[in-house]
Amino acid sequence: MIPIAHTPLPDAPSSASTPVVIFDPHVADDARFISDLVTPAYPALRKIEVPYAGHTVLQFLANEKVISRVMRALIGEDEIVAFTAEGRENPIWHFNRAKSLRGKDPAAALAHYQKSIDLAPSPQSIGPFLTLCMQRNMLDAAQTMIDWTQTQESPNSHIPPAIAERAAEMGLRLNAA
């Protein structure tokens, strides 16, 4: 847990407005910070929970095409509007869902990492996909992903260096033949 190095919120000057926090309840440190530190200082705190948005809640809402409506209502009217953000076609949702499933259901985690990569390739998804494949000795799946990255021109489709090194140690080919 990250140490908090500032005046405790109950001792700090408080806002006359009731604050709103938009967060992913599955990010344990954030949820704990809100419940243990923010809520006691602001008992009427309004919460907007966005499951599997991670720390990129605003980008998640933008991908879901609801950010303008949500923010305009908050800023202009001081209201929370209902919205649906299922995330099924959102790479952020699939990435964070995969992270939550790694230890419990690795096969489902791999499927979510793959969907995240299909929607928007990134080293942040490719790396954990390959790591999980290598941990589970699914070297054919790892090699298929490595080969796929070699065919992509996007800089977002590369393998993080530490994971490439681990793949090479396991005998995987890093350069297309």
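Which residues in α6 meet which residues in α7? Before selecting them, note that this is a predicted model, in which local features need pLDDT of at least 70, side-chain atom pairs count only at pLDDT 80 or more, and totals for chains, interfaces and linings use all residues. Residues are numbered from 1 along each chain as its sequence is written, and side-chain values use heavy atoms, with hydrogens and water left out.

**First stop: α6 and α7**

Select residues 139-150, which form helix α7, and then α6, residues 123-135; helices here are DSSP runs of H or I with at least four residues, numbered from the N terminus, while strands are runs of E with at least two. On the α6 side, show Ile126, Phe129, Leu130, Cys133 and Met134, which meet Leu139, Ala141, Ala142, Met145, Ile146, Trp148 and Thr149 in α7, where contact means heavy atoms within 4.5 Å. The two axes come within 8 Å and cross at roughly 155°, the axes being lines fitted to C-alpha atoms, for helices over the stretch in contact, and the angles running from 0 to 180 degrees between N-to-C directions. That makes α6 roughly antiparallel to α7 (angles over 145 degrees count as roughly antiparallel, under 35 as roughly parallel, 65 to 115 as roughly perpendicular and the rest as oblique). By class, this contact of α6 with α7 has 11 nonpolar, one polar and no charged residues (Ala, Val, Leu, Ile, Met, Phe, Trp, Tyr, Cys and Pro count as nonpolar, Asp, Glu, Lys and Arg as charged, and the others, Gly among them, as polar).

**Second stop: α5 beside α6**

The α5 side of the contact includes Pro106, Leu110 and Tyr113, and the α6 side includes Pro128, Phe129 and Leu132. The residues of this contact of α5 with α6 divide into 10 nonpolar, three polar and no charged.

Now select residues 161-169, helix α8, which packs with α6 at an angle of about 25°, with the axes 10 Å apart. That makes α6 roughly parallel to α8. Here Gly127, Leu130, Thr131 and Met134 of α6 make the contact with Ile163, Arg166 and Ala167 of α8, and the residues of this contact divide into four nonpolar, two polar and one charged.

**Last stop: the lining residues**

Finally, select Gly54, Ile92, Phe95, Asn96 and Lys99, which lie nearest the centre of the largest pocket among its 19 lining residues. A pocket is an open set of points on a 1 Å grid over the protein atoms alone where a 1.4 Å probe fits, with protein on both sides within 12 Å along at least five of seven lines, and lining residues have an atom within 4 Å of a point. Helix α4 gives the most to this lining of the largest pocket, with six residues.
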